[in-house]
Each structure stands twice: as structure tokens, then as C-alpha cells.
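Have the structure open while you read.

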Amino acid sequence: MTSAPSALINLAGEQKSAAVTDWAARVGWVVGLLLFVALLYWLMREGWKWRGTLQGDLPELPAAPAGLGDPTLTMTGRYHGSTTAGQWLDRIVAHGLGTRSRAELTLTEQGVTVVRPGAQDFFIPADRVRGARLDKGIAGKVLTEGGLLVITWVHGDREIDSGFRSDQAAEHAAWVEALTHLHHLNSDTEGAR
């Protein structure tokens, strides 16, 4: 009986697994994986730059004119990007329109001022606004139904959808109503000329 406990002690003292001896192969795999990830990142970056080159015909973004008047509405939130109107996956990246950022929107009779810390600000003149709607997604960002304010506007010869999400989602409906009203006012004014 004394041999059984000593056999168990010997078993417990034995090594459970083989020592890792092929460090070169493991380091090779890690380096290879890191190079693959770097290649994927570089290809995505080149694709982004190529898309910007293809959209080179897009004119510079308009800046807000001086003396805009009293704001009708203001909103703080996030700018999620711009796409070709009606093509929610065709992202526009030229002139910084593809850069997501915080945003402060101000609506006046003259248009919508978009101030983006860390990205290029732009202005949507009232006569270029084509409408607004609530939507659930735009180029790489999908939210709940009605969680995104999409402003449709004309820039150059291109119609653009720009997506914003307010910090207070209840503000979206007021913006849609005000922008639709602004579009109708400008449509009536243009028709009267």
C-alpha cells in the first residue's frame, strides 16, 4: 500500500505539457499577421484617397457669409457623413465631407451653418436646400428608425445627403419641418422670378 501514494506523488511531479521550443515559428506568425493587418490598413487608406480623387470635380465647400441674422434653430450633435442623394452607401469624402465629427448646426433664413471642431466647417445656402427627412442610416452608420436627420442639398452639380444626429433626438422633427418650409419658401421665390 505504501507504493500507491509514492506513485501518485511521482505522477503529480511529472511535467504536464511539452515546453514551447519553436519560438522562431511563433514570432514569424505574429510578424506575418502584423504585416497583413498593416497591408489591409494601407489598402483602405489608398481606397479613401482614390475616392477623394474621383470626387475632385466637387467644388470647395461654401463658407458662412457674414451677418446671417437671428438663428431659427440650433442643434449640437454629430455629423455622420455625406453621400450622393438617394445612394446611402455612396460616401462623399472630398473636402472633408467624409470625416465624422461633432457638429453644431444653426439654421437661419440664409441657410444652415455647420461648425465642426477638428474638421472643415461648411454652409448650406437656403436656395440649395432640397429637403430634409428622418432616416435610419447613412454610409457606415445605422441607427434606429428616425434616429438620423438627413439634409438633402445641392453642391455644384451634385445632390448630396448629409446626416446628422442631435444630442437631443426630439429636435429632429422640428428641423425637418423648418428645412422643408425653407425649401418651399425658396422654391416659391425661384418660381416667381
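Which residues do ring pairs link into a cluster? They are Y79, F122, W153 and F164. Keep in mind that this is a predicted model. The count of aromatic pairs comes to three, and two of those are spelled out here.

A pair of aromatic rings is described by the distance of the centres and the angle of the planes.

| Pair | Centre to centre | Angle between planes | Type |
|---|---|---|---|
| Y79 and F164 | 5.4 Å | 55 degrees | tilted |
| F122 and W153 | 5.8 Å | 10 degrees | stacked |

Now for F122 and W153. F122 belongs to strand β5 (residues 122-125) and W153 to strand β9 (residues 148-155), so this pair ties together parts 31 residues apart in sequence. F122 is buried, at 1% relative accessible area, and W153 is buried too, at 0%.

Back to strand β1 (residues 73-84), which also holds T83. Is T83 buried or exposed? Its relative accessibility is 1%, so T83 counts as buried. Leaving aside residues up to four places away in sequence, T83 touches W88, D90, R91, I92, I138, A139, E159, I160 and D161.

Conventions: Residues are numbered from 1 along each chain as its sequence is written. This is a predicted model: local features need pLDDT of at least 70, side-chain atom pairs count only at pLDDT 80 or more; totals for chains, interfaces and linings use all residues. Side-chain values use heavy atoms; hydrogens and water are left out. Helices (H or I, at least four residues) and strands (E, at least two) are DSSP runs, numbered from the N terminus. Buried means under 20% relative accessible area, exposed over 50%, partly exposed in between (1.4 Å probe, protein chains only). Contact means heavy atoms within 4.5 Å. Rings of Phe, Tyr and Trp (its six-membered ring) pair if their centres lie within 6.5 Å; planes under 30 degrees apart count as stacked, over 60 as edge-to-face and the rest as tilted.
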